[in-house]
Structure formats: structure tokens, C-alpha cells
Amino acid sequence: MVADDEPVTHAVTLNGRATGELRGFNEPSREGELIRRLRLLDGHKIFSLILWRLPPCAQGGELDLGYDADEYIQCAGDFRGRMTVEVRDIVAGTPRQLVLGRASSEADPVRDEVVPWNGCETPVAAHEVLSGDEVVELCVAYLCDGNVPVRCSRRPITL
């Protein structure tokens, strides 16, 4: 149960348009609202989730993903199937977007796999196709401290 006075620090956006405060992630079992929402992803009706830290001025107020979210983790696909995860961060004032995956020794991986979502297909390398459980692990780590495990591969992409 989430206390009404528990500070809300993060928001989630589903399908790039439905944004709300994230509550319940401090539950000891980690079966909080974040994981419940991740499990809703079916690749079609609910196909993407973005997790982002609320800026202090937005907490308790109106949320605008396009304005308020400079850094985030996002995933797309089917929780029970194939998923892809990206993280956006700011380094020396410059934003960068990275595709995450399991550790890999490939310097320039062949992107011959696809993750379908909302009628699109995102090309990724085999080690970048993730399961729902792997996505939960990455999102919970990001929620806890704004980072993903160092063992993850990170491939820069240009948007």
C-alpha cells in the first residue's frame, strides 16, 4: 500500500502519450506499479513505456514528457515475447541515446534481429533482444539510482 504522503519522484508514459506519476515502487517485493505497467506491454495495444524522473517543479503538477523528460529509459515490444530497451542521458550537456543489451564482445554487432511493436520493427542485434524479466531488471535499476547495470552493452544510436 502506498502512503498518500510518499514522495513521487518518477513518471511513466505509455505509448508516448499517456503520462502519470509512478506510485508504489517502494514495495518490498518490487511488485509495484512499474512492474505491473511493464507486464501490460503486449506490443500492439500497449507497446511502449518510458520511465523518467520528475523535475522538482513538475512533482505534483502537470506532466509533459516532451518538456520535462531530458533523461529516461524506454522499452517497446511484448513483455511475454521480444523487447528492446533504450536509455537517454545527457553527457557534457549533449543528449545521447543508447540501445541496451546483454553483455557482448562484438565491437559492431550485426543488427539482423527485429523487435516488433505497434506495427513497426526495430532492428537490433541478437544480444539486444530482451525478455520481459530482463527489462524489469533494467527498469528497476534505473528507477533506484538513474543507472543501468554496468554489465549491459550500450550501442549509441542517432535519432
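## Basis of the description

Helices (H or I, at least four residues) and strands (E, at least two) are DSSP runs, numbered from the N terminus. The model is predicted, so local features need pLDDT of at least 70 and side-chain atom pairs count only at pLDDT 80 or more, whereas totals for chains, interfaces and linings use all residues. Residues are numbered from 1 along each chain as its sequence is written, and side-chain values use heavy atoms, with hydrogens and water left out.

## The β7–β8 hairpin

Asn 118 lies in the loop that separates β7 (113–117) from β8 (120–124). These strands form a hairpin with two residues between them, and Asn 118 in the turn has a positive phi of about 50 degrees. β7 and β8 pair (at least two DSSP bridges between two strands) in the antiparallel sense over five bridges. Asn 118 is partly exposed at a relative accessible area of 39% (buried is under 20%, exposed over 50%, partly exposed in between; 1.4 Å probe, protein chains only).

## Salt bridges

Seven salt bridges are found in the whole structure, each being a side-chain nitrogen of Lys or Arg within 4 Å of a carboxyl oxygen of Asp or Glu. One of them joins Arg 96 to Asp 89, with the closest N and O atoms 2.8 Å apart; Arg 96 is partly exposed at 38%, while Asp 89 is buried at 18%.

Another links Arg 151 and Glu 137 (2.0 Å, N to O). Arg 151 belongs to the loop between α3 (132–145) and β9 (153–157) and Glu 137 to helix α3, so the pair ties together parts 14 residues apart in sequence.
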